[in-house]
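This briefing sets out the architecture, helix packing, ligand surroundings and selected loop residues of one protein model. The points are grouped by topic.

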Amino acid sequence: MATGRTHRPATRSRGIPEATVARLPLYLRALTALSERSVPTVSSEELAAAAGVNSAKLRKDFSYLGSYGTRGVGYDVEYLVYQISRELGLTQDWPVVIVGIGNLGAALAGYGGFASRGFRVAALIDADPAMTGKPVAGIPVQHSDDLEKIISEDGVSIGVIATPAGVAQQVCDRLVAAGVTSILNFAPTVLSVPDGVDVRKVDLSIELQILAFHEQRKAGEETSAEEGHDAVAEPEPVVVPPAPRGTTGTTGRKGPDGDVPAVMPA
Ligand SMILES: NC(=O)c1ccc[n+]([C@@H]2O[C@H](COP(=O)([O-])OP(=O)(O)OC[C@H]3O[C@@H](n4cnc5c(N)ncnc54)[C@H](O)[C@@H]3O)[C@@H](O)[C@H]2O)c1
């Protein structure tokens, strides 16, 4: 079933760059917080700071949405919430299935942030017969034998994989064959999917490893400062050219605002 990795162009069909798409949820989160405080307008600088993005980049991103704000007033918060939600496809309900209802799957099932962002947990699926029928976060778990039936009946296009790594590819293949075209993978394995299927991977241990790298670096800098001599000279940075269009870069670590840094340590 799996025929290879998905390669997506760096620009979506409607002309919005992938890096901009990756920042839209950051703007939306900041705008939603403003909306909840009934703040009517926001300047690009304030919103950029709240989203952790540079303000020139924010203005460029919003220009793709056709949103330019009003000089001296800023952006209308409610209208931007609507525009970004519409762009991200969040003005419609997305049924989601979670496969693998162990520690992680159960925690995800109970996560209120899905529903509030337009993702309805349509079904919880697990291979363990002892789990079948048991309610988790108020939803009865269904057996994985019925996966295909559940996907087609609920018109599900997004699947979350929270199974052990060893079965994740097989689960992924079944989800895709049943009609799922977007997968959020928590299992620590690389999934192969046919063209037209998007996979996003979440791995908290990788994030921790990156933090460990920075901690180690900070500790090294402090030791050098305490010893009263200059830190060991950093090697010259190597300038990494941007990946060619149409490829999925894997070497660059994404910054918080979705950028792949152009300069990486040697
Ligand atoms: N991405 C992250 O940051 C992160 C964090 C924690 C755990 N994980 C990963 O998430 C996965 C689940 O972790 P966990 O602690 O919940 O494990 P767990 O053992 O508690 O749960 C796994 C569940 O998957 C079910 N399962 C097994 N094979 C299945 C199949 N073929 N179809 C459907 N269900 C199946 C099991 O019955 C079990 O209920 C693991 O791969 C783990 O490494 C990732």
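Is Ala137 buried, exposed or partly exposed? Ala137 is partly exposed, because 16 other C-beta atoms lie within 10 Å. On this scale a residue is buried if 20 or more other C-beta atoms lie within 10 Å of its own, exposed if 12 or fewer, and partly exposed in between, with C-beta atoms placed from the backbone. The model is a predicted one, in which local features need pLDDT of at least 70, side-chain atom pairs count only at pLDDT 80 or more, and totals for chains, interfaces and linings use all residues. Residue numbers start from 1 along each chain as its sequence is written.

**Overall architecture**

- The protein has nine helices and eleven strands; helices (H or I, at least four residues) and strands (E, at least two) are DSSP runs, numbered from the N terminus.
- Of the 266 residues of the protein, 23% count as buried.
- Among the contacts in the protein with a separation of 6 or more, 59% come from residues 24 or more positions apart; a contact requires that the C-beta atoms of two residues, placed from the backbone, lie within 7 Å.
- The domain assignment gives domain 1 (18-87) and domain 2 (94-201), with bounds that come from an automatic or database domain assignment.
- A distance of 31 Å separates the C-alpha centres of domain 1 and domain 2.

- The axes of helix 1 and helix 2 come within 9 Å and cross at roughly 105 degrees; axes are lines fitted to C-alpha atoms, for helices over the stretch in contact, and angles run from 0 to 180 degrees between N-to-C directions.
- Helix 1 is therefore roughly perpendicular to helix 2, a class that covers angles of 65 to 115 degrees, whereas those under 35 count as roughly parallel, those over 145 as roughly antiparallel and the rest as oblique.
- In this pair, Leu26, Tyr27 and Ala30 of helix 1 meet Leu47, Ala50 and Ala51 of helix 2.
- The contact of helix 1 with helix 2 comprises six nonpolar, no polar and no charged residues; Ala, Val, Leu, Ile, Met, Phe, Trp, Tyr, Cys and Pro count as nonpolar, Asp, Glu, Lys and Arg as charged, and the others, Gly among them, as polar.
- For helix 2 (residues 44-51) and helix 3 (residues 55-64), the axes come within 9 Å and cross at roughly 105 degrees, which means that helix 2 is roughly perpendicular to helix 3.
- Here Ser44, Glu45, Leu47 and Ala48 of helix 2 meet Ser55, Leu58 and Arg59 of helix 3.
- The contact of helix 2 with helix 3 has three nonpolar, two polar and two charged residues.

**Ligand surroundings**

- The ligand is surrounded by 24 residues, of which the closest are Gly100, Gly102, Leu104, Ala127 and Leu204; a residue is near a molecule if its C-beta atom, placed from the backbone, lies within 6 Å of it.
- Two or more residues of this shell are given by each of helix 5 (103-109), strand 4 (119-126) and helix 8 (165-178).
- By class, the shell around the ligand divides into 15 nonpolar, six polar and three charged residues.

**Residues with positive phi**

- Most residues other than glycine have a negative phi.
- Ala137, although not a glycine, has a positive phi of about 50 degrees and is found in the loop between strand 5 and strand 6 (139-143).
- Ser38, likewise a residue other than glycine, has a positive phi near 55 degrees.
- Ser38 is placed in the loop between helix 1 (18-36) and strand 1 (41-42) and counts as exposed because it has 8 C-beta neighbours inside 10 Å.

**Other loop residues**

- Ser157 lies in the loop between helix 7 (147-154) and strand 7 (158-161), and its 15 C-beta neighbours inside 10 Å make Ser157 partly exposed.
- Ser157 and Val180 are 23 residues apart along the chain, with their C-alpha atoms separated by 4.2 Å.
- Leaving aside residues up to four places away in sequence, Ser157 touches Gly179, Val180, Thr181 and Ser182.
- Gly89, in the loop between helix 4 (77-87) and strand 3 (94-99), is exposed, with 9 other C-beta atoms within 10 Å.
- Gly89 and Gly118 are 29 residues apart in sequence and 9.1 Å apart in space, C-alpha to C-alpha.
- Ala130, in the loop between strand 4 and strand 5 (135-136), is exposed, with 8 other C-beta atoms within 10 Å.
- From C-alpha to C-alpha, Ala130 and Asp76 are 51 Å apart in space, and they are 54 residues apart in sequence.
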